[in-house]
Amino acid sequence: MNMWKRYAKLFLAVLLVAVMAACGNNSSTGSAGGSEGGTQQSQSTGTQSSGAKDEPAAAPADKKIVLGFAQVGAESGWRTANTESIKEAAAAAGIELKFSDAQQKQENQIKAIRSFIQQKVDVIAFSPVVESGWDTVLNEAKEAGIPVILTDRAIDSDDESLYVSFIGSDFVEEGRRAGRWLLEQFKDATEPVNIVELQGTTGSAPAIDRKAGFEEIIKENPNLQIIASQTGDFTRAKGKEVMQSFLQAHKDIDVLYAHNDDMGLGAIQAIEAAGLVPGKDIIIITVDAVRDGMQAAAEGKINFIVECNPLLGPQLMDAVKAVVEGREVPKRIVTEEGTFTSEEAKAALPTRKY
């Protein structure tokens, strides 16, 4: 009996130890589980809190897009209309616009682009003053991960990865349209037709391309001859000055081809000052079709205008949004444009938007 009592006591002791150990383990597990549960809750709460703070940056739809735009300048009525279109379209699209006027100087545009890079804008857009010399600064934008969109004017770089899209006119085709109209007007000419040309800013895409397209067409008739060609910098004042020089140097000018309306309007002042009748004594062809040019055409002082649409703002904002959202954008977006004779300009003028 004593032996059984000893075994019973031993058994009870062992059982008590086992129970106590089990309780201790359960308490430990419960404590650990509570600690882990608290950590997870804290991390989860922290993550949610962090996510709530970072949500605007993580969701492009909720973050206001910032566009840096470097404009050529304000050298013409066309450029003024172009600037207004971009500003109005940005406001309508809810895009923050950082705008810079380069005053027709490439170095100013390059400084502006570098400033946009430093400010970490979402997209950079610009209308190049001239075609060449952009690779270095555009590579800087590329390295910073900022996409670039060209508007109105192209660049001559071999590296097309430096920009995502080019929105604007086909300047060569504009020159061709001017040439085709002139070719038709003088299709029966048997004597030389003397042409003077007011070019745009030297080295700029429209100046190069409008000249090339025009010459490509008029060479079909050897009687159509360009006897003088000089830059008028796309300005009315310079157009007048250069036309005065042309009139002094050449007494037999039949046609003036001006690369934009403003130079043509300046030339009209010089022609009238010389006692000649613009549109009759000298046939005048211009490019742009801004309101002042259309008015001169309606009055018969300009015979033919090739349109170059400056209202690129809405197309630019659509492209900016697409780029930011990661959607595909066409590499080349050509604007739709027409041409105007004097009678067509008179009919279109009342509803003209620029």
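Reader: Let's start with Trp181: does Trp181 count as buried or exposed?

Author: First, keep in mind that this is a predicted model. Buried means under 20% relative accessible area. Trp181 has 17% relative accessibility, so Trp181 counts as buried.

Reader: Okay, and how do I describe a pair of aromatic rings?

Author: You give the distance of the centres and the angle of the planes. Take Trp181 and Phe304: their ring centres are 5.0 Å apart and their planes are at 5°, so this pair is stacked. Phe304 counts as buried too, at 5% relative accessibility.

Reader: Which parts of the chain does that pair link?

Author: Distant ones! Trp181 is in helix H5 (residues 171–185) and Phe304 is in strand E10 (residues 304–307), 123 residues apart.

Reader: How many aromatic pairs are there?

Author: The count comes to four. One of them is Phe126 with Trp134, a tilted pair with 4.9 Å centre to centre and 55° between the planes. Phe126 and Trp134 are both buried.

Reader: Now the sheet. What is the order of its strands?

Author: It's an open sheet of six strands, ordered E2-E1-E3-E4-E5-E11, with parallel pairing. Strands E2 (96–101) and E11 (332–334) are at the edges with a single partner strand each, so one side of each has no neighbour in the sheet.

Reader: And which strands does helix H3 lie across?

Author: Helix H3 (residues 106–119) lies across E1, E2 and E3, and runs at about 170° to E1. Helix H10 (residues 313–324) packs on the sheet as well, touching strands including E4 and E5.

Note on methods:
Residues numbered from 1 in each chain as written. Predicted model: local features only at pLDDT ≥ 70, side-chain atom pairs only at ≥ 80, totals over all residues. Heavy atoms only, no water. Phe/Tyr/Trp six-rings, centres within 6.5 Å; stacked < 30°, edge-to-face > 60°. Buried < 20%, exposed > 50% of the residue type's maximum accessible area, 1.4 Å probe, protein only. Helix = DSSP H or I, 4+ residues; strand = E, 2+ residues; numbered from the N terminus. Pairing = 2+ DSSP bridges. Contact = heavy atoms within 4.5 Å. Axes fitted to C-alpha atoms, helices over the stretch in contact; angles between N-to-C directions.
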